[in-house]
Amino acid sequence: MKDRHLSLNQTQRVRLEAALHELQSLAPAIASAAAVTVADTIPVNQEDNILKGHGTSDQDGEVVATLCGVVERVNKLVYVRTLRARYKPEVGDIIVGRVIEIAPKRWRLEINFSQDAVLMLSSMNLPDGIQRRRTAVDELNMRSIFEENDVICAEVRGFQHDGSLHLQARSEKYGKLERGQLLMVPPYLVKRKKQHFHHLEQYNVDLILGCNGFIWVGEHVVVGEKTKTTGGQQRFSTEAENFTPLETRKHICRLANAVRVLSALGFTLTVELIIETMEASASSNVEINDMLGAEFYVQTAEREAKHRADLLRKKNGAR
Amino acid sequence: MEGGSRAEGRNPNQLRPFSCTGNPLHRAHGSARWAQGGTIVLAAVYGPKPGTRKGENPEKASIEVVWKPKTGQIGRQEREYETTLKRTLQSICLLTVHPNTTTSVVLQVVGDDGSLLPCAINASCAALAFAGIPMKHLAVAIGCGVMDNGAVILDTNTAEEQQAKSFAHLVFPNSRKSVDSKDPTQKDEESERGLISCITHGAMSEDDYFNCIERGVAASSKISDFMRKTLQKEVSGDA
C-alpha cells in the first residue's frame with residue numbers, strides 16, 4: 001500500500017485502520033501459511049521425484065527457497081510464488097506498452113519488464129490491409145504506423161532465446177491507442193482473466209487491463225474504422241471536427257481516478273470493482289479531483305471491507 | 001581502556017539497536033533503509049535491466065554498484081566500497097536466472113557512525129530481497145574491533161574504530177531454517193556455514209582473528225533472525 005502522502009485527520013486515520021484490519025481478518029487463512037524467506041528449507045517428502053520450480057534451488061540435497069513468498073505445490077512441482085512480483089509474461093497475455101525506439105524492421109516497447117519487448121514489422125497489419133511481403137518501402141514508412149511514445153496494445157507471441165518478448169498485433173482490436181489515459185499500477189494487481197478488453201457502453205469508454213500493469217482508459221473506438229487511410233491534410237480537418245465530447249472526458253477521468261485509488265489501496269483490479277467505485281463516487285457527488293483525496297480513499301476502503309464481509313456472510317449462510 | 005566501558009554502556013557483545021524500513025522509495029524496484037545506531041544507509045535496487053557492460057560475461061547476470069557518500073567527492077574509498085559490495089553481492093545472487101541483464105544497486109550514506117560497510121551490505125541485501133532478485137542466502141554483516149588489550153567488541157562506532165588496534169568487517173551467510181519447524185528453539189548447525197567476505201584494517205594475530213569470527217557468527221544469527229522477521233512482515237503484509 002503506497003503512502004500517497006495523504007493528510008488524514010485523526011478520525012479518518014482511525015476509520016482507515018479499522019477497515020484495513022477488517023480486510024486483513026477476512027483474508028483467507030491459506031495466504032498466511034507456508035510463507036518463506038530466502039534460504040529457508042522447504043520440506044519435501046520424496047526427495048528424488050520433486051520438480052524444483054521457480055524460486056527454489058538445490059543446495060546440499062535440500063530444497064532451499066531463493067525468493068521470499070508463498071510455497072505452492074502442484075503435483076510434483078514445488079515453487080515459490082512471490083506476492084509482489086514483477087511482471088512475469090506468458091504467451092497470449094494482452095499487453096499495453098509504449099514505443100521507445102524504432103529499430104530495423106521492428107519497434108521496441110517498454111512494458112515494465114526486465115527487458116524491452118519487440119514488435120516485428122511482420123507481426124503488424126499494414127495500413128492498407130493487404131497481406132503481402134514487407135518491402136524496403138514499408139520499412140522506411142514504419143513511422144507512419146507507430147512513432148516514438150505511442151501507446152500500443154498487443155499480445156505476447158513468444159520468447160526469444162535471450163529472454164526478451166516478441167509481440168504480435170495482427171488482430172483488429174490491437175494497435176495504436178489514442179484519446180485516453182495510460183495508468184501504471186503494480187502488475188500483481190491485474191489477474192489473468194478471460195477478457196481484458198472491456199467496452200463500457202454507458203460511458204462510451206474502452207478499458208483495457210494490460211497484464212503488465214499498464215491500464216488504458218480511453219474513448220471508445222469502433223473496431224474496423226481504424227484502417228482508414230487518410231491523406232495528411234484530410235486528417236487534420238477530420239480531427240478538428242470530432243473532439244472527444246466533454247461528458248466522455250469526464251467519465252474517462254473518473255474511471256482513471258478510480259483505478260488510481262484502488263491501486264493505492266492494493267485491491268485486485270476487476271472491471272466490476274472499478275465501475276462500482278466510479279458509480280459510488282458519482283452518486284455521492286464527489287468531485288473528480290477529490291477522488292484522489294483522503295476522504296474518498298477512506299470511504300473506498302470501508303466500502304470494500306463491508307462488501308467482502310457481506311460476501312463471506314452470504315457464503316457462510318448458504319452453506 | 002577496558003572493553004567493558006563502551007560509549008553507550010554496551011557490553012562487548014552487544015549490538016546497537018538496528019532497524020530496517022522496507023521499500024521507502026517507490027520508483028525503485030526494491031529499496032531498504034538500514035540503520036544501526038547512528039549509521040544509516042539507504043539502498044535502492046533497479047533491475048534486472050537488459051544488456052551487460054562491456055567486460056562482463058553475457059551468460060550471467062551482472063551487478064553494478066554505485067556508492068554515494070554523505071559529503072565530499074567520490075574518491076578511491078568509495079570505489080573500494082563499490083568493488084567489495086559488488087563481489088559480495090555477486091556471490092550471494094543466483095546469476096544464471098536472468099542472463100545478459102544488469103541489476104543496479106545504488107547506496108546513499110545518510111549517516112556514518114562506524115561499521116559503515118556492514119550496514120551497507122545489510123541494506124543492499126534487504127533491498128535485493130524486496131526487489132525479488134533470487135538469492136542463495138542472505139548476507140549478514142557485522143563489524144568487529146580488537147582493542148589494545150586483546151578484547152573483541154562487536155558493532156564498533158567511529159570512536160572505537162579509531163582507538164582499536166585493528167578491526168574487521170565480516171559477512172556471513174544467514175542460517176537456514178525449515179519452513180514448518182515445530183520446535184521454535186531449534187539450534188541450527190552453524191558449524192560450517194562459512195564466511196562470504198572479510199575486510200580487515202590494521203594488524204591482528206591469528207587468535208584474535210578467529211576470536212572475531214566466532215563472536216561474529218554468534219551475533220550474525222541475531223541479525224539474520226531480525227532480517228527474516230522483517231522480510232516475513234513485508235511478504236505477508238498485503239491486503
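The model is predicted, and local features need pLDDT of at least 70, side-chain atom pairs count only at pLDDT 80 or more, while totals for chains, interfaces and linings use all residues. Residues are numbered from 1 along each chain as its sequence is written, chains are lettered from A and ligands numbered from 1 in the order in which they are written, and side-chain values use heavy atoms, with hydrogens and water left out.

**Chain B**

Chain B has an open sheet of 5 strands in the order 1-2-3-5-4, with mixed pairing; strands are DSSP runs of E with at least two residues, helices are runs of H or I with at least four, and both are numbered from the N terminus. Strand 1 (18-22) and strand 4 (62-68) of chain B stand at the edges with a single partner strand each, so one side of each has no neighbour in the sheet. Two strands pair if DSSP finds at least two bridges between them, and in chain B strand 2 (residues 30-36) is joined to strand 3 (residues 39-50) in the antiparallel sense over 7 bridges, with Val45(B) as the bridge partner of Gly30(B).

The structure also holds 5 cavities of 30 Å³ or more, a cavity being a set of points on a 1 Å grid over the protein atoms alone where a 1.4 Å probe fits but cannot get out, with lining residues having an atom within 4 Å of a point.

**Chain A**

Strand 16 (residues 205-209) of chain A is mostly covered, since 5 of its 5 residues are buried, where buried means under 20% relative accessible area, exposed over 50% and partly exposed in between (1.4 Å probe, protein chains only). Val205(A), Leu207(A) and Leu209(A) point one way from strand 16 of chain A, and Asp206(A) and Ile208(A) point the other way.

| Strands of chain A | Bridges |
|---|---|
| Strand 15 (residues 197-200) and strand 16 | 4 bridges |
| Strand 16 and strand 17 (residues 214-219) | 5 bridges |

Within these pairings, His199(A) stands opposite Asp206(A), and Ile208(A) has Trp216(A) as its bridge partner in strand 17 of chain A.

Terms used. 1 Å grid on protein atoms, 1.4 Å probe; cavity = no way out; pocket = protein on both sides within 12 Å on 5 of 7 lines; lining within 4 Å. Points joined across faces, edges and corners; volume = space filled by probe spheres on them.
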